[in-house]
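I opened my notebook today to look up a few features of a protein model, one entry at a time. Come and read along.

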Amino acid sequence: MQAIEILGMVLSLDVLVALFIGLVVSIIMGALPGLSATMAVALLIPVTFGMNPIAGLVMLTAVYTGAVYGGSITAILLHTPGTPASAATAIDGYAMAKKGEGFKAIGIATVSSVIGGTISALALIFLAPPLAQVSLKFGPLEYFFMAVFGLTIIGSLAGDSMVKGLMGGILGLFIGIIGLDQMSGIPRFTFGILALESGISMVPAMIGMFSLSQVMMMTEDIVKGKTSLTEESDTVLKGRFLPTLKEFKVILPTIIKSSIIGVFVGILPGAGGDIGSWVGYNEAKRSSKHPERFGHGAVEGIAAAESANNAVTGGALIPLLTLGIPGSAVAAILLGGLMIQGLSPGYELFTKYANITYSVMYGFLLANIFMGFIGYVISKQAVKLSKVPMTILGPVILGLSVVGSYAIQNSIFDVYVMVFFGFLGYFMRKAGFGTAPTILGVILGTMIESNYRRALVLSKGSMIGYFFSRPIAILLFGLVIVSMFAPIVMKKLQSKMKADFDGLVSDEDRDME
Amino acid sequence: MNTKNVHQDVFISILVYLALGFLFIVSLRIKGDSGLFPRLVMGGLAFLNTILLFRGIKKTKDAKDNGYDIENTITLQDIKWPLIVLAVTVVYVVIFNYTNFFVASTIFLIGLMKMYKMKSWKTILLVTLAFNVFIYLGFVLALKVPLI
């Protein structure tokens with residue numbers, strides 16, 4: 001009965017319309033280089049505020065998976081990955097496009113993304129509920145360590161400088177402090193501004209940091225005379241879209257293996273779609289009977305990268321829904337979307353709000369399947385859209401940023417918050433700080449402080465004794481230590497793989513000369 | 001000392017120290033335990049900022065010793081136009097506050113596209129019209145956001 005109820009909710013008209021709109025918008029945005037999945041989700045959160053929770057959250061999860069897939073279109077046809085997660089796809093995808101098989105390459109990417117995303121959605125449906133039960137055993141100290149564990153993903157969001165990444169994260173913690181202290185009601189850093197007492201509105205801050213700052217960066221390019229996001233010439237879209245049965249049989253094992261890798265990478269805090277796709281690609285090459293074909297238009301290469309990066313999306317949702325720990329920047333923003341619907345991650349999501357949660361998870365599954373059909377229809381148009389002049393895109397994105405920030409609470413103050421964070425985000429990006437760690441800090445800051453102070457009260461003056469009496473807290477502390485070093489290992493692994501492929505491509509160039 | 005040959009991280013560090021100093025003074029006025037966590041966070045930021053400062057000084061020194069110019073990413077030439085766009089956005093929000101969203105958006109979109117040196121009036125008007133219609137249908141009619 002419950003399954004039928006959930007199916008009824010997922011298949012209702014408003015959910016299907018939200019899913020459709022989410023997929024179309026996100027595939028197009030994903031295909032536009034510079035407009036990331038993060039920005040797509042941040043811009044669409046205000047739209048979901050007035051919707052019913054299921055439709056709104058299904059839309060956001062659809063945007064997540066759709067944007068990651070959309071990134072492959074320009075990666076294949078223009079050698080310009082729409083999102084960082086599609087960088088590995090560009091290697092073999094563009095090689096196929098140069099041979100005049102661009103449409104076929106997109107077809108392989110579409111099929112692989114659909115299967116990867118579907119496998120990750122199934123993993124989410126089956127793994128999240130039992131994991132949520134674990135959260136019942138959590139007290140303030142465990143939540144404190146979980147939040148610190150979440151902060152360790154800064155290592156992978158930091159960009160070139162770990163120090164700057166950590167500074168961005170701590171700045172986020174500080175921004176999270178602004179407003180009334182949740183435990184004592186004392187105002188902190190509000191400077192007498194009443195609107196600040198409820199804290200900095202997270203969604204306008206995110207829109208400012210990701211969208212307004214992006215338009216400011218775009219303006220620099222416009223002034224320098226660059227007109228569109230991509231300047232490569234169009235490759236001819238030839239070839240059949242769907243792979244033949246023979247080709248499908250060849251790529252299926254790669255897809256399944258890469259999908260499993262992607263789900264696992266997604267669960268790990270700090271490892272997003274970009275790392276997932278490189279790990280999947282490398283494993284496919286390593287285990288292939290013809291590794292020499294990789295880099296020269298191997299269908300397995302596209303299949304591995306695309307199934308892995310879409311599989312990451314469902315994987316990243318598992319710790320988000322069960323423990324409230326975002327595994328990536330997009331997941332951090334999705335947490336914001338969850339909160340504005342009045343939902344908190346954890347066991348209650350799977351009991352009290354089970355109808356919403358399961359509907360969202362099944363909606364996510366459906367989104368991954370529909371993505372294939374929508375991708376087929378709009379992939380040719382999406383690549384044309386990347387030619388839209390930045391002189392049009394910039395003003396439109398700014399207009400959407402203003403209306404989106406205002407729509408959350410019908411507050412003009414929120415729009416000023418968006419503008420301020422746009423200004424801050426622009427200079428942070430210019431100075432190499434990156435904005436994703438700051439957003440993560442804002443989200444986890446409150447969680448860290450309130451749980452630490454609660455744990456202090458519960459420890460009755462003996463924190464060390466209290467800590468050693470809680471095995472899960474000890475385990476989580478160990479995980480924090482391990483995950484602090486994981487990004488360094490991951491980064492080295494990723495650069496090694498990239499170097500291998502660069503070497504491969506240079507060898508081929510020499511051969512051709 | 002020629003400031004052009006100083007790495008931007010040095011200036012950023014000084015700015016962060018100034019901001020931290022001000023915020024620390026403000027934090028002293030916060031009563032009870034509520035001020036502890038903010039001061040802890042500021043301490044962490046000050047520590048990392050010190051590392052940033054030393055690295056900035058080292059980069060500056062390396063450039064001087066090896067005789068090459070530092071290419072800072074934040075230059076007045078680069079940030080001038082983005083800051084103008086930001087200022088225009090602030091004006092947009094002010095107009096929105098005193099009139100309504102559609103009046104403000106029309107002025108803003110036309111103004112910004114002209115500022116970006118778009119020549120075709122047909123495209124400018126079409127984009128402005130399409131944007132306003134989309135927002136009206138999506139936000140005013142469907143989501144009931146009071147934009148008028």
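These entries cover a pocket, a surface patch and some salt bridges, all in a predicted model.

**Entry 1: the pocket**

I began with empty space. Rolling a probe the size of a water molecule over the atoms shows where such space is left. I looked up the second largest pocket and found that it holds about 1400 Å³ of space. I counted 37 residues in its lining, and A:Phe423, A:Leu424, B:Leu15, B:Val16 and B:Ala19 lie nearest the centre.

**Entry 2: the patch**

Next I turned to the surface. I found a nonpolar patch there, made of B:Leu129, B:Val133, B:Tyr136, B:Leu137, B:Leu141 and B:Ile148. Together these residues have about 590 Å² of accessible area. I looked up B:Ile148 in particular, and it sits in the segment after α5 (121-142) of chain B. Is B:Ile148 buried or exposed? Its relative accessible area is 67%, so I wrote it down as exposed, the cut-off being over 50%.

**Entry 3: the salt bridges**

Side chains of opposite charge can pair when their charged atoms come close. I searched the whole structure and got 14 salt bridges over all chains. I picked out three of them to read in detail.

- A:Glu247 pairs with A:Lys104, with 2.4 Å between the closest N and O atoms. A:Glu247 is in helix α11 (residues 245-267) of chain A and A:Lys104 in helix α6 (residues 102-134) of chain A, so this bridge ties together parts 143 residues apart in sequence. I noted A:Lys104 as buried, at 14% relative accessible area.
- A:Lys430 pairs with A:Glu220, and their closest N and O atoms are 3.0 Å apart.
- A:Arg453 pairs with A:Glu449, the closest N and O atoms being 2.8 Å apart. I saw that about one helical turn separates the two, because they are four residues apart in helix α18 (residues 436-459) of chain A. A:Arg453 is buried at 14% relative accessible area, and A:Glu449 is buried at 6%.

**Entry 4: a network**

I then followed the partners of that last pair. Shared partners join A:Asp181, A:Arg188, A:Glu449 and A:Arg453 into one network of salt bridges.

How values were computed: Residues are numbered from 1 along each chain as its sequence is written. Chains are lettered from A and ligands numbered from 1 in the order in which they are written. This is a predicted model: local features need pLDDT of at least 70, side-chain atom pairs count only at pLDDT 80 or more; totals for chains, interfaces and linings use all residues. Side-chain values use heavy atoms; hydrogens and water are left out. On a 1 Å grid over the protein atoms alone, a cavity is a set of points where a 1.4 Å probe fits but cannot get out, and a pocket is an open set with protein on both sides within 12 Å along at least five of seven lines; lining residues have an atom within 4 Å of a point. Grid points are joined across faces, edges and corners, and a volume is the space filled by probe spheres set on the points. Patches are made of residues with over 30% relative accessible area and no salt bridge: like charges are joined within 9 Å, nonpolar side chains (Val, Leu, Ile, Met, Phe, Trp, Tyr) within 5 Å. Accessible areas come from the Shrake-Rupley method with a 1.4 Å probe; for residues, only the protein chains shown count as cover. A salt bridge is a side-chain nitrogen of Lys or Arg within 4 Å of a carboxyl oxygen of Asp or Glu. Buried means under 20% relative accessible area, exposed over 50%, partly exposed in between (1.4 Å probe, protein chains only).
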